[in-house]
Amino acid sequence: METPPLLRLQGLTKRHGAHAALDGLSLDVAAGTFVALVGPSGSGKTTLLKTINRLVEPDEGMVMLGGEDVRALPPSALRRRIGYVFQEIGLFPHMDVAENIAIGLRLTGVRPQERRARAAELLERVALPADFGGRMPSALSGGQAQRVGVARALAPKPALMLMDEPFGALDPVTRDELGRAYRALHDRLGLTTIMVTHDMSEALLLADRVVVLIGGRIRADAPPAALMRDGLDPEVRALIDVPRRQAERLAALERGT
Amino acid sequence: MNEAVAALPELLRAHIVLSGAAIAIAILVGLPLALWAAGHKRARVPLLALVGLVQTIPALALLALFYPLLLLTGAALHLALPALGFLPALIALALYALLPIVRNGVAAREGLDRGVLEAADGVGMTRRQRLWLVELPLGAPVLLAGIRTAAVWTIGAATLATTVGQPSLGNLIFSGLQTENWIRVLVGCAAAAGLALVVDGLLALIETGLARRSPWRVRTGLGLLAAGLALALIQPGRGPAPTIVIGAKNFSEQYILAAGLADRLHAAGYRTELREDLGSAVAYRAVAAGDIDVYVDYSGTLWTNVLGRTDNPPAPRLRAELAEALAKRDGVRLLGTLGFENAYALAMRRSRAQALGLSSIADLARAAPRLHLASDIEFLSRPEWRSVRDAYGLNFAGTRSYSPTFMYRAIADGSADVLSAFSSDGRIAAFDLVTLSDPKHALPSYEAVLLVSPRRAHDERFLAALRPLIGAIPIERMRQANLMVDRDSDKKSPEEAARWLLE
């Protein structure tokens with residue numbers, strides 16, 4: 001028998017009044033995959049992501065994680081098994097960096113000594129100096145804060161990482177750097193990641209699989225290379241053409257033509 | 001000064017216990033209410049409006065309202081709710097403290113960063129964990145600001161608890177105001193203000209401690225607050241002697257008589273507690289309900305206000321009927337008259353009365369067309385004036401209303417000849433005035449009478465301790481005692497005046 005996918009979404013529908021943010025959407029994600037969810041604003045990307053850790057409850061359909069309906073657990077228990085990183089970061093301003101990183105462990109009653117050790121280990125993983133543990137979030141730059149955000153999500157060793165525009169508010173250099181650093185972590189730790197982004201080039205360059213969402217439905221679902229080759233849907237085509245044309249113009253500039 | 005300071009520790013203790021308990025209740029009720037309201041947008045507006053409405057009621061009125069409210073509730077539930085003293089003061093003050101706590105609680109919850117709340121959910125906090133780990137610590141500065149406001153208000157407003165018979169620093173202020181003993185007022189005000197400042201300072205310490213993550217600040221602040229409350233809660237050991245609660249209304253004569261009652265009862269081996277500054281209506285209901293055991297009231301007041309009678313029988317018959325009606329209706333015992341009246345009277349300078357040969361109001365009626373009447377502000381609109389004017393056909397050359405101080409000035413400098421006085425007013429003696437007799441009994445009788453609560457009404461040992469006071473205080477001596485407390489120089493305390501009065 002075939003092993004079930006790590007994550008299975010089945011017939012998800014979420015309506016806001018007459019508007020359907022998700023319209024009967026189904027998707028399977030195999031363990032170890034890095035999926036990018038791309039689409040214009042309002043296409044339902046964030047809603048989709050939040051149905052997985054139950055920050056949003058769908059009107060119809062179901063979400064299975066590891067072969068089990070996510071509604072089988074209380075939301076808090078479910079969320080402790082899923083890493084969540086989002087654009088606003090949301091570091092707890094009254095806790096220092098180490099306490100922020102170890103918060104998930106504190107919730108499950110891990111002892112302080114062990115928490116400190118784990119926080120130090122994670123600081124190293126996200127390439128921050130060990131002495132950052134004692135800093136307050138207000139003393140961090142945007143890039144540093146999101147590194148801490150990633151470390152906090154990774155601390156309870158989640159099977160699945162959900163990332164909602166994680167680097168969207170950062171400057172382009174930091175953004176690129178953090179994106180690549182995270183991809184490396186994903187590979188090294190054997191994570192499964194679903195990342196929402198509206199930046200098609202980020203999606204194409206980081207992900208194993210790009211899912212394009214328009215109007216609450218999946219309009220394309222392919223590895224980046226395949227999508228570049230044969231994105232047949234004109235709206236999908238239009239999304240991909242933006243970075244492609246930018247790249248061509250940049251290349252032309254470099255050649256001096 | 002010394003006697004005010006001597007009373008301070010016990011009053012301060014009572015003040016701290018009362019305001020501390022009120023603030024604690026307001027926090028225990030207000031915080032959950034605020035949390036709930038923050039999550040229920042529709043409930044928030046009416047809730048805030050409601051607690052805001054409570055706040056618009058003057059604190060004094062709110063306190064007074066709880067007296068009849070508790071009486072009715074107690075009667076409806078067949079419970080012996082104490083309607084006077086600690087309970088009504090506590091409820092009113094706690095309600096009063098609710099607004100800043102609920103309002104700041106809602107504001108604290110609303111002011112939280114959405115991203116931080118999403119992160120709290122995202123990392124898998126339960127609602128309880130989110131509350132304790134995120135919402136309360138982050139909302140603490142705003143919450144604490146509300147608690148500080150509530151604390152300062154409550155400590156200030158707790159001085160008004162005196163008026164419903166709960167001892168507080170207000171005892172010094174109210175009695176000081178009445179007897180124009182400014183040192184008492186000052187000591188009371190300074191103590192209340194000092195207490196408010198100290199509590200506010202300690203709460204501020206906790207607030208900065210939380211903001212700067214400085215545990216010693218938080219611990220010091222909390223520790224000192226707790227220590228202060230604990231110290232106040234330790235009651236001085238009570239002896240086995242039964243405690244008698246003595247009531248007093250809010251003027252000098254009442255303070256003096258209450259102090260005199262206390263002296264007599266101490267001599268008979270009782271412990272006593274004083275409930276001062278009771279409103280006229282409150283005092284009688286309090287004795288009927290047993291919240292106070294004994295106090296002095298005036299027969300005419302009881303006749304009209306409690307029995308609702310409008311006729312005007314002679315004094316002995318009025319007293320007899322009153323005693324019977326009060327005993328029958330409420331079980332209150334009218335033990336007897338102290339021997340003087342505090343009634344409206346018409347008075348003149350002794351020399352002037354003698355020169356004109358006037359000793360009664362009937363005599364006065366003949367001379368009135370050549371004389372001027374000085375009255376206090378309400379006398380001319382009162383039934384007493386209409387009654388005496390019509391009975392004797394009084395027709396003065398002129399009448400003028402004054403505030404009491406200026407009324408006496410007017411008689412002293414000769415710009416008026418006759419004045420409306422209270423018969424036991426010390427100034428009658430001080431200005432060497434005589435009161436004119438009332439042969440037609442047109443002015444109702446306001447004999448000072450001792451009232452005893454139903455519980456003590458047949459307690460012979462208790463009654464025996466009080467009986468020597470019956471008929472023991474002639475009007476001249478009461479005037480003199482009132483004057484000792486009211487005059488500006490060589491002022492005596494009510495206790496000193498009482499000792500002189502009954503020596």
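**Exercise 1. A strand of chain B and its partners**

Find out how far strand β5 (residues 344–349) of chain B is covered, and which strands pair with β5(B).

Solution. Step 1: β5(B) is mostly covered, with 5 of its 6 residues buried. A residue is buried if 20 or more other C-beta atoms lie within 10 Å of its own, exposed if 12 or fewer, and partly exposed in between; C-beta atoms are placed from the backbone. Strands are DSSP runs of E, at least two residues long, and helices are runs of H or I, at least four long; both are numbered from the N terminus.

Step 1: 5 bridges pair β5(B) with strand β8 (residues 418–422) of chain B, in the antiparallel sense. Two strands pair if DSSP finds at least two bridges between them. Here M348(B) stands opposite V418(B).

Step 2: strand β9 (residues 433–435) of chain B is joined to β5(B) by 3 bridges, again antiparallel. In β9(B), L433(B) stands opposite R349(B).

The model is predicted: local features need pLDDT of at least 70, side-chain atom pairs count only at pLDDT 80 or more, and totals for chains, interfaces and linings use all residues. Residues are numbered from 1 along each chain as its sequence is written, while chains are lettered from A and ligands numbered from 1 in the order in which they are written.

**Exercise 2. Two helices of chain B**

Describe how helices α7 (residues 170–178) and α8 (residues 182–211) of chain B pack.

Solution. Step 1: the angle is about 155 degrees, and the axes are 7 Å apart. Axes are lines fitted to C-alpha atoms, for helices over the stretch in contact, and angles run from 0 to 180 degrees between N-to-C directions.

Step 1: that angle makes α7(B) roughly antiparallel to α8(B), a term for angles over 145 degrees.

Step 2: α7(B) brings G170(B), L172(B), I173(B), S175(B), G176(B) and L177(B) to the contact. From α8(B) come W182(B), R184(B), V185(B), V187(B), G188(B) and C189(B).

Step 3: sorted by class, this contact has 7 nonpolar, 4 polar and 1 charged residues. Ala, Val, Leu, Ile, Met, Phe, Trp, Tyr, Cys and Pro count as nonpolar, Asp, Glu, Lys and Arg as charged, and the others, Gly among them, as polar.

**Exercise 3. Chain A and its side towards chain B**

Sketch chain A, then its side that touches chain B.

Solution. Step 1: chain A has 10 helices and 10 strands. Of its 257 residues, 41% count as buried.

Step 1: an open sheet of 4 strands runs β2-β1-β4-β5 in chain A, with antiparallel pairing. Its edge strands are β2 (19–29) and β5 (68–69), each pairing on one side only. Strand β4 (residues 60–65) of chain A is joined to β5(A) by 2 bridges. L65(A) has E68(A) as its bridge partner.

Step 2: 18 residues of chain A are in contact with 14 residues of chain B. α2 (75–79), β6 (82–86) and α4 (103–107) of chain A each give two or more residues to this side. By class, the side has 9 nonpolar, 5 polar and 4 charged residues.

Terms used:
Two residues are in contact if their C-beta atoms, placed from the backbone, lie within 7 Å. Angles under 35 degrees count as roughly parallel, over 145 as roughly antiparallel, 65 to 115 as roughly perpendicular and the rest as oblique.
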